[in-house]
Amino acid sequence: MGQAALKSASTGAEVIALPASGAEVVTLPHATGKPLHERLAPLAKSVLVNLVPPLITVALILLFWQIAASGPQSSLPPPTKIWAEAKDLITEPFFWAGSQDIGLGWRILVSLQRVAIGFGLAAIVGILLGALVGQSVWAMRGLDPVFQVLRTVPPLAWLPLSLAAFRDSQPSAIFVIFITAIWPVIINTAVGIRNIPQDYRNVAQVLRLNQVEFFFKVMVPSAAPYIFTGLRIGVGLSWLAIVAAEMLTGGVGIGFFIWDAWNSSRLSDIIVALVYIGVVGFVLDRVVAFVGTIVTRGTVVN
Amino acid sequence: MSTPYLKIDHVEKTFQRGAASTNVLKDINLVIDKGEYVSVIGHSGCGKSTLLNIVAGLTPVTEGAVLLEGKEVNAPGPERAVVFQNHSLLPWLSVYDNVALAVNKVFGRVKSKSERHDWIMHNLDLVQMGHAKDKRPAEISGGMKQRVGIARGLAMEPKILLLDEPFGALDALTRAHLQDSIMQIHAALGNTMIMITHDVDEAVLLSDRIVMMTNGPSARIGEVLDVRLERPRKRLDLVSDRTYIAAREAVLKFLYERHRFVEAA
């Protein structure tokens, strides 16, 4: 009896609530419009917060540079002079006016291509060698001391040797990239593989995964955070090395452009090229880091 | 006499570290029948996990042998699936893919792709995890992870399922849920199971036989207790059941009267 009363009371309450819900439907488009506006506000704010401070810094640097380099006996050009002299290089990265008179974008692409080949090879060989060193105690004992010595050799010290071996500048430059980028990849991969939890190894053993399956299904994903740390250091080093290598080997790359500009005293061009190199290096680093976060999304220790 | 299903024959294990050697297990003999649920209980450090790893093939024996259907076990394999204490799911794979890794490896040649898919889903449903098949291990609770671990073990269709303190890291309520699930699965599939535990109630509730181990070093099998309780067993009915209370008492007496863990502090 009491329950029945309760029921009718609750249905009664529902009837009363009905117009209220109808009113809500009317206000709905109005309500969605407002949060969207409010949602954009923090986004815009975060963009401002992240963008304004570096812009101010850059403006201040340009200002001080302008003041410092404006004197009559100044040896370096101020920003205004660079803009006047190298405006075409800044605004048109992809112009093409003859085989040596091309935009910096093209030169960067040529350098990037060399880095892509050299770094790609270094990544593949480095991960495989790192896996070997990380997995086998004897490989580590045999190879690790050699790696530790070789990795301290400066990239350019390899160049004469590789020029002698390959007798051509293009493969020599690629080899220098390769030999520069491979050490951090090897060392980080080996550490990552040594840190694979015994549990995962036990699972693999119970499943009787063979070496290839173990490599692709357990080793690489488990060591991925370490591998990507190595790749990120490696790509940074290759970008450092390519500019230096191209200065010596000649050709089309951005490094040779700087050397060429120095020989014909075009200081403004050199400064523009430096900015290009910095920006591209930054982008390369972020791209590898971004790929890393996507690939290693699942590899969290839990 | 027919060959026993699983025979642990005079197994002895000594760990060697440099000049020091520790005798962990001494003269372990045990015969387990098909479909039996056997628990191994003992104080921590008594070598019960080592015993399980020896049966799994993950740890080599120093002396003696483990025989499964008359064949010596000396390497790990999917016919002796292990449910690890800390679930050991691969964190970069989804729940489905974790089970699929095992199923594809074990049945890759004998089952078609759709059969394997059905088998994966069947095992996930068996542990009530079918709904979370696309989740990653980090996104599900500890109890759910262990359910998936059990599904992975079952999906290999092992001759014997080895459970290494499977519910040790779980809270009491979740543990009870999973114990009920394991009982249902055992009743439905009739698997042979060996479970390592340090929980007396869990051992009595689930097992046909309880193997009680003495303290290490040189741990032996102290006593084997038959739990003569009808199945299916109901947790609540057992609380006042005489056989249950007697079995519980026997295990407790063994652990805390005759083989007190002196070093525990």
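Me: Two strands count as paired if DSSP finds at least two bridges between them; with that in mind, what is the order of the four strands in the open sheet of chain B?

Reply: Strands of a sheet pair through backbone hydrogen bonds, either parallel or antiparallel. In this predicted model, side-chain values use heavy atoms without hydrogens or water, local features need pLDDT of at least 70, side-chain atom pairs count only at pLDDT 80 or more, and totals for chains, interfaces and linings use all residues. Residues are numbered from 1 along each chain as its sequence is written, while chains are lettered from A and ligands numbered from 1 in the order in which they are written. Strands (E, at least two residues) and helices (H or I, at least four) are DSSP runs, numbered from the N terminus. Here the four strands of chain B follow the order β2-β1-β4-β5, with antiparallel pairing. The edges are β2 (20-32) and β5 (71-72) of chain B, each with a single partner strand, so one side of each is left without a neighbour in the sheet. Strand β4 (residues 63-68) of chain B is joined to β5(B) by two antiparallel bridges, and B:Leu67 stands opposite B:Glu72 in β5(B).

Me: At what angle do α2 and α4 of chain B pack?

Reply: Axes are lines fitted to C-alpha atoms, for helices over the stretch in contact, and angles run from 0 to 180 degrees between N-to-C directions. Helix α2 (residues 95-107) and helix α4 (residues 142-155) of chain B pack at about 15°, with axes 9 Å apart. That makes α2(B) roughly parallel to α4(B), since angles under 35 degrees count as roughly parallel, over 145 as roughly antiparallel, 65 to 115 as roughly perpendicular and the rest as oblique. Contact means heavy atoms within 4.5 Å, and among the residues that meet are B:Val99 and B:Phe107 in α2(B), with B:Val148 and B:Arg152 in α4(B).

Me: How do α10 and α11 of chain A cross, and what is found in the loop between them?

Reply: The axes of helix α10 (residues 254-263) and helix α11 (residues 267-295) of chain A come within 8 Å and cross at roughly 160°, which makes α10(A) roughly antiparallel to α11(A). Among the residues that meet are A:Phe257 and A:Trp262 in α10(A), and A:Leu267 and A:Asp269 in α11(A). The loop between α10 and α11 of chain A contains A:Ser265, which has a positive phi of about 55° although it is not a glycine.

Me: What are the model's scores, and what is the mean pLDDT of chain B?

Reply: Where pLDDT, the predictor's confidence in each residue from 0 to 100, is low, the predicted coordinates should not be read in detail. Chain B has a mean pLDDT of 89, with 98% of its residues at 70 or more, and the model scores ipTM 0.87 and pTM 0.77.

Definitions and conventions
Two strands pair if DSSP finds at least two bridges between them.
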